[in-house]
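Subject: Handover of a structure

Dear colleague,

Please find below the structure that I am handing over to you.

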Amino acid sequence: MSPIPPDQELVRPTGSRSTRFVALDGLRGLAAVIVVAYHVVLGSAWGDAYLAALAGARDSPGPVRLLADTPLKYALMGPEAVVVFFVLSGFVLVLPMLQGRALDLWSYYPRRILRLWLPSAGAMAFAIIVILLGHQKPETAPSEWARAFSFATLTPSQIVDSFFLITGSTQVNNPLWSLRWELLFSLMLPVAFLAVARITRGHWWWMIGCGAATAIGTVLGVQALIYGPMFLAGCVAAVMWTSRTPPRGAAAPWLLTVAGIVAIGVPDLVRVILPDLLPAGARGALQGFVTLGAALMVRGLASPSGLARLLGTAPFRFLGRISFSLYLVHMPILLGSLHVAPGTPHRALLIAVPVAFVVAWLFTLFVEEPSARLARAVGRRASEQVRALRQASAGVQDK
């Protein structure tokens with residue numbers, strides 16, 4: 001998932017509950033920053049060695065080992081941050097219905113589709129412009145990752161194909177791959193609600209089952225079975241929140257959050273400390289801990305705690321506000337900087353990071369937030385049109 005802010009018409013907690021989800025906005029912002037940091041390392045001259053270290057290489061340079069094999073790795077958990085985005089989507093999308101709000105599908109579907117596609121199309125157009133104006137030379141990029149997503153030119157078919165969110169290629173702006181699953185999740189929301197609405201007990205087993213499903217999907221290489229349970233885990237977390245599932249008490253949010261952080265780190269812990277514990281083909285099963293950990297963390301931060309208050313402070317709220325835009329635009333800026341200054345990649349990336357934040361803020365103001373307002377207006381209009389047609393039809397039948 002990409003870090004999409006919750007639609008105000010989908011999640012609008014009332015009364016004393018309204019402050020409880022500010023921390024999730026902060027979590028979304030922090031996760032987006034982690035994705036940026038991850039891509040900075042992959043695009044740097046250390047990128048190849050870093051990926052090799054994650055694959056088990058033991059001859060990596062000292063700085064790379066420090067980033068890959070110590071708790072500093074948490075600051076670079078880009079793929080894990082995307083799991084958090086997916087879980088957050090499941091939580092915020094299903095929660096209003098669990099609280100009793102009816103879902104108007106005639107309003108929801110056009111609103112949600114436009115909410116995802118319009119900013120994505122804007123970000124893809126931005127990436128295309130950066131590529132066409134940047135005169136990129138893939139062979140000069142400092143890492144294999146940077147070479148894979150650099151383009152000397154783009155064909156018309158590549159450009160057109162990039163704007164098809166579900167079926168098109170996202171190589172021009174790679175982070176948009178997660179928007180494909182986000183849109184599919186959104187389309188399946190009624191099914192997800194029906195799947196979790198009647199859960200009255202065994203919540204923890206449901207959450208563990210979501211992690212197990214991700215583990216199986218990773219081993220089998222079935223993407224729908226990898227990502228679908230992440231969204232469902234967020235839905236289960238929402239059920240747990242509405243039912244006030246134990247544990248209770250002031251320490252419970254801390255325990256859940258810390259347990260989630262620890263669970264997310266299990267695959268790396270095993271890689272570093274017990275590299276021979278599992279055969280190569282079974283190591284993907286550890287990704288189930290990431291799904292479980294992300295769901296625990298979201299559930300924990302949805303309740304009041306000192307950490308939730310920290311993530312609800314103004315800096316994190318700002319990061320949450322620009323998180324979607326930052327996720328959408330940062331990669332073209334990072335890669336573009338490498339081709340502007342190919343001889344000094346680390347200096348180029350250092351300059352590109354603050355530029356990415358500034359562009360993300362502008363993108364938020366002039367693309368993403370106007371797109372959200374337009375999506376809501378279209379959704380309301382679609383619902384009103386359907387209501388008018390029904391009334392007209394009922395009038396004709398009465399006659």
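Predicted model: local features only at pLDDT ≥ 70, side-chain atom pairs only at ≥ 80, totals over all residues.

Residues are numbered from 1 along each chain as its sequence is written, and side-chain values use heavy atoms, without hydrogens and water.

Aromatic rings

There are 13 aromatic pairs in the structure (rings of Phe, Tyr and Trp, the last by its six-membered ring, with centres within 6.5 Å; planes under 30 degrees apart are stacked, over 60 edge-to-face, the rest tilted). Phe86 and Trp177 form an edge-to-face pair, because their ring centres are 6.2 Å apart and their planes stand at 80°. Since Phe86 belongs to helix H4 (residues 78-98) and Trp177 to helix H8 (residues 177-187), the pair ties together parts 91 residues apart in sequence (helices are DSSP runs of H or I, at least four residues, numbered from the N terminus). Phe86 is buried at 0% relative accessibility, whereas Trp177 is partly exposed at 23% (buried is under 20% relative accessible area, exposed over 50%, partly exposed in between, with a 1.4 Å probe and protein chains only).

Largest pocket

H4 also gives the largest share of the lining of the largest pocket, 6 residues (a pocket is an open set of points on a 1 Å grid over the protein atoms alone, where a 1.4 Å probe fits, with protein on both sides within 12 Å along at least five of seven lines; lining residues have an atom within 4 Å of a point).

Conventions:
Helix = DSSP H or I, 4+ residues; strand = E, 2+ residues; numbered from the N terminus.
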